[in-house]
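Here are my notes for your read-through. Please keep the structure open beside them.

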Amino acid sequence: MPQHEGARLFRETWIAGVRAHFPGEPKSGYVTPWEETPDWERQAAGAVYEQVAQFVELSDGHASRLSREQKGRFVATCWTAQMFKHFGDPKPGYVADWPELPSWQRETDADIFEAIEKFLG
């Protein structure tokens with residue numbers, strides 16, 4: 001899958017996850033459609049898609065044996081690296097470690113890993 005399509009899969013899964021897991025009404029930026037997503041965010045989504053896809057492929061599919069938490073942590077860590085890449089001094093919430101992330105975000109990150117896994121399956 002070309003990186004831009006992987007980025008779009010990432011973003012669409014993010015939006016679906018936010019809608020499913022966020023308590024109440026999410027911020028508009030959390031559910032901005034692909035067409036309106038800023039370039040830096042599209043690039044970051046594509047990079048994380050590629051990292052997850054490579055991880056799944058290099059494990060010969062055995063990444064499926066990871067727990068849902070481990071899958072989500074992997075996505076969160078990859079995303080954090082992108083925040084450091086795209087922002088000189090990112091907001092603390094952009095680079096929070098797994099235990100500090102809200103549960104809706106942890107669930108959404110795990111959804112992203114599993115969506116990529118399913119796509120590659």
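**Notes on the helices and the core**

1. Start with helix 3. Its buried residues include Lys71, Gly72, Val75, Ala76, Cys78, Trp79, Thr80, Gln82 and Met83. Buried means under 20% relative accessible area, exposed means over 50%, and partly exposed lies in between (1.4 Å probe, protein chains only). Helices (H or I, at least four residues) are DSSP runs, numbered from the N terminus.

2. A word on the source. This is a predicted model: local features need pLDDT of at least 70, side-chain atom pairs count only at pLDDT 80 or more, and totals for chains, interfaces and linings use all residues. Residues are numbered from 1 along each chain as its sequence is written, and side-chain values use heavy atoms, with hydrogens and water left out.

3. Check the length of helix 3. It has 19 residues and reaches 27 Å from its first C-alpha to its last, close to the 27 Å expected at 1.5 Å a residue. The expected span is 1.5 Å times one less than the number of residues.

4. Now the core. The largest nonpolar core has 24 residues, and Phe10, Val48, Val52 and Val75 touch the most other members. Such a core is a set of buried Ala, Val, Leu, Ile, Met, Phe, Trp, Tyr and Cys residues joined through side-chain atoms within 4.5 Å. Helix 1 (3-21), helix 2 (39-58), helix 3 (68-86) and helix 4 (103-120) each supply at least two residues of this core. Helix 2 gives the most, with seven residues.

5. Look at valine 48. Leaving aside neighbours within four places in sequence, valine 48 is in contact (heavy atoms within 4.5 Å) with Phe10, Val75, Cys78, Trp79 and Gln82.

6. How do helix 3 and helix 4 cross? Their axes come within 7 Å and cross at roughly 95°. Axes are lines fitted to C-alpha atoms, for helices over the stretch in contact, and angles run from 0 to 180 degrees between N-to-C directions. So helix 3 is roughly perpendicular to helix 4, a term for angles of 65 to 115 degrees.

7. Who meets whom? In helix 3, the residues include Lys71 and Val75; in helix 4, they include Ile112 and Glu117.

8. Glutamate 117 deserves a look. It lies in helix 4. At 14% relative accessibility, glutamate 117 counts as buried. Beyond neighbours within four places in sequence, glutamate 117 is in contact with Val56, Ala63, Ser64 and Lys71.

9. End with a contrast. Alanine 20 is in helix 1. Alanine 20 is exposed, with a relative accessible area of 57%.

How values were computed. Angles under 35 degrees count as roughly parallel, over 145 as roughly antiparallel, 65 to 115 as roughly perpendicular and the rest as oblique.
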